[in-house]
Amino acid sequence: MKVKLHVWRQKDAKTAGRMATYEAPDVNPDMSFLEMLDVVNEGLIGKNEEPIAFDHDCREGICGMCSLVIDGVPHGPHRHTTTCQLHMRKFKDGAEIYVEP
């Protein structure tokens with residue numbers, strides 16, 4: 001599947017932030033949202049661009065560290081699911097997804 005990410009980017013508290021857009025053309029629907037971000041980051045690093053920073057720890061849905069706001073909802077649109085347990089199959093192919101801290 002293919003998704004377009006609109007990600008809030010801000011270098012530090014003194015720098016103005018902005019939304020940056022990234023294409024994720026080869027997303028496996030069985031990936032978690034964090035796994036998808038890892039793949040996007042690999043592409044960014046390969047182009048010598050700054051990767052998307054996000055907190056994570058257990059990736060097992062236990063710790064709650066993966067506190068991204070996805071499409072305006074903490075942890076994303078699937079209720080009672082942490083970001084690391086949110087699978088990309090919950091999104092439609094071609095979706096535009098907004099990601100904020």
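Visitor: Which residue is the bridge partner of His 6 in E2?
Guide: This is a predicted model. Strand E1 covers residues 3–9, and E2 covers residues 18–24. Across from His 6, the bridge partner in E2 is Thr 21.

Visitor: How many bridges join E1 to strand E2, and do they run parallel or antiparallel?
Guide: The pair His 6 and Thr 21 gives one place to look. In total, 7 bridges join the two strands. As for direction, E1 and E2 run antiparallel.

Visitor: How many bridges join E1 to strand E5, and which way do they run?
Guide: Strand E5 spans residues 96–100. It is joined to E1 by 4 bridges. Here the two strands run parallel.

Visitor: How many of the 7 residues of E1 are buried?
Guide: E1 has E2 joined to it by 7 bridges and E5 by 4 bridges. The strand is mostly covered. Of its 7 residues, the number buried is 5.

Visitor: How many aromatic pairs does the count come to?
Guide: A pair needs ring centres within 6.5 Å. Phe 33 and Phe 91 sit 5.9 Å apart, centre to centre. The count of aromatic pairs comes to 1.

Visitor: What is the form of the aromatic pair of Phe 33 and Phe 91?
Guide: The angle between the planes is 45°. Stacked needs under 30 degrees, and edge-to-face needs over 60. So, with 45° lying between those limits, the pair is tilted.

Visitor: How many residues apart in sequence are the parts that this pair ties together?
Guide: Phe 33 lies in helix H1, residues 33–46. Phe 91 lies in the loop between strand E4 and E5. The pair therefore ties together parts whose separation in sequence, in residues, is 58.

Visitor: Is Phe 33 buried or exposed, and what of Phe 91?
Guide: Across the protein chain, buried residues make up 35% of the 101 residues. Phe 33 belongs to that group, and Phe 91 does too. Both residues are buried.

Visitor: What radius of gyration does the protein chain have?
Guide: The chain has 101 residues, so a compact globule would have a value near 13 Å. The chain agrees with this, at 13 Å.

Terms used: Residues numbered from 1 in each chain as written. Predicted model: local features only at pLDDT ≥ 70, side-chain atom pairs only at ≥ 80, totals over all residues. Heavy atoms only, no water. Buried < 20%, exposed > 50% of the residue type's maximum accessible area, 1.4 Å probe, protein only. Pairing = 2+ DSSP bridges. Phe/Tyr/Trp six-rings, centres within 6.5 Å; stacked < 30°, edge-to-face > 60°. Rg over C-alpha atoms; globule rule 2.2 N^0.38 Å.
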